[in-house]
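Colleague: Please take a close look at a single part of this model and tell me, step by step, how that part begins, how it ends and how it sits within the chain.

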Amino acid sequence: MPLYNDEAVVLKTFPLGEADRVVVMLTKKHGKVRAVAKGVRRLKSRFGGRLEPFMRVNALFATGKTFDVISQAVLVSAYAGRICADYNLYSNANMIVEVADDLVSSSGQYMDSSAQYNLVVAALSALSRNLHSADSIAFSYVLRALRLAGWSPRLNECVICSTCSDLNYFSASSGGVMCSKDHALESIKCNDLARFQMVSLLNGDWQKLDGIDIDDLTSKCIEQWCEYWLEKPIKSMRLSEKNSNSLYFD
C-alpha cells in the first residue's frame, strides 16, 4: 500500500471491532482523513494515547480502500491533557473540532487544508494555555474558520439599505446585520455590543475582548451563522450555551 506522511490533529474517534479504532483527523496537506489505528484499544498499544481527540501528531498513513491505516504516530503537541482536565475548556474544544469536522466535510470542493489546519492548531493551543477566555477562543475560531471557507458576515452596515445606524437585527440567510426598518422576518435580535464582539472575534482583537464576557446575543448570532452555512445544528455549541448561561490567538 502507498505510504504518506502528514501532520494531523485528532478531531474524533470511534471503536471498530474488538481492538481497533477509527480516527478522524484534520491533516495539514491531505485535508480530513479517516484512518484505522489497529490494536489501539489494547492495553499494550504502542500509540493509543497519542490518537485521542485534541492531540497533534506526525502520522504515517498507508492508503487503503475504505479507510487508510495509521502505521506510526509521533506526538507533536499534547493539547488534550490540559483541555480534558477543565470542563469549560473541554466543551469549547469540542465546539472547535466539531465545526472543523463539519466544515471540511461540507465543502463541495477542495479547500486549502493547511489554513484550516493552522487555525485549529492555534485555537487548541490557545485553549490549552488559557491565553484568553475559552468561549472567546472558540467563537473566534468559528467565525474565522467560516471566513476561510468564504462565509464572512457583513457587520458594519445593513445588508439591505447600507445604513450604519439602528443595526438591531442579524440574519444569517441575508448575510449579516440589518436595521430595524428593513430587517427580515427570520432575523434575530442584535445590538451594538454583539456587533462589536463579533468584529473583534473575527479580527482576533484580544485587547478588546479580554476581560469581557461574550454576550448571549453574540453567541446566538454566531450560532445562527454557523448552523446556516454548515446546514446542521452544532451540538457542542448548544451544550456550551446550556451549561454556561490575526490567524493566531496570541
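**A close look at helix H7**

Modeller: Just after H7, Glu231 takes a positive phi of about 60°, and I start from that end of the helix, with the caution that everything here is read from a predicted model. The helix itself runs over residues 216–230, which makes 15 residues, and the distance from its first C-alpha to its last is 21 Å, close to the 21 Å expected at 1.5 Å a residue.

Among the buried residues, Thr218 deserves a separate look. Thr218 lies in helix H7, and because its relative accessibility is 0%, where the cut-off for buried is under 20%, Thr218 counts as buried. The side chain of Thr218 also makes a polar contact, at 2.7 Å, with the side chain of Gln197.

H3 covers residues 113–128, has 16 residues, and reaches 22 Å from its first C-alpha to its last, close to the 22 Å expected at 1.5 Å a residue. Since 13 of the 16 residues of H3 are buried, that helix is largely enclosed by the rest of the structure. Just after H3, Asn130 takes a positive phi of about 55°.

As for the setting of these helices, the protein chain has 8 helices and 8 strands. Its radius of gyration is 19 Å, close to the 18 Å that the globule rule gives for 250 residues, so the chain is as compact as a globular protein of that length. The C-alpha atoms fill a box of roughly 65 × 35 × 30 Å along the principal axes, and 50% of the 250 residues count as buried. The accessible surface of the chain comes to about 12,100 Å², with 49% of that area belonging to carbon and sulfur atoms, while the mean positions of the 28 positive and 27 negative charges are 9 Å apart.

How values were computed: Residues are numbered from 1 along each chain as its sequence is written. This is a predicted model: local features need pLDDT of at least 70, side-chain atom pairs count only at pLDDT 80 or more; totals for chains, interfaces and linings use all residues. Side-chain values use heavy atoms; hydrogens and water are left out. Helices (H or I, at least four residues) and strands (E, at least two) are DSSP runs, numbered from the N terminus. The expected span of a helix is 1.5 Å times one less than its number of residues. The radius of gyration is taken over C-alpha atoms; the globule rule is 2.2 Å times the number of residues to the power 0.38. Buried means under 20% relative accessible area, exposed over 50%, partly exposed in between (1.4 Å probe, protein chains only). Accessible areas come from the Shrake-Rupley method with a 1.4 Å probe; for residues, only the protein chains shown count as cover. Lys and Arg count as positive and Asp and Glu as negative; His and the chain ends are not counted. The place of a charge is taken as NZ of Lys, CZ of Arg, CG of Asp or CD of Glu. A polar contact is a pair of N or O atoms within 3.5 Å; within protein, one must be able to donate a hydrogen and the other to accept it, and residues adjacent in sequence count only if both atoms are side-chain atoms.
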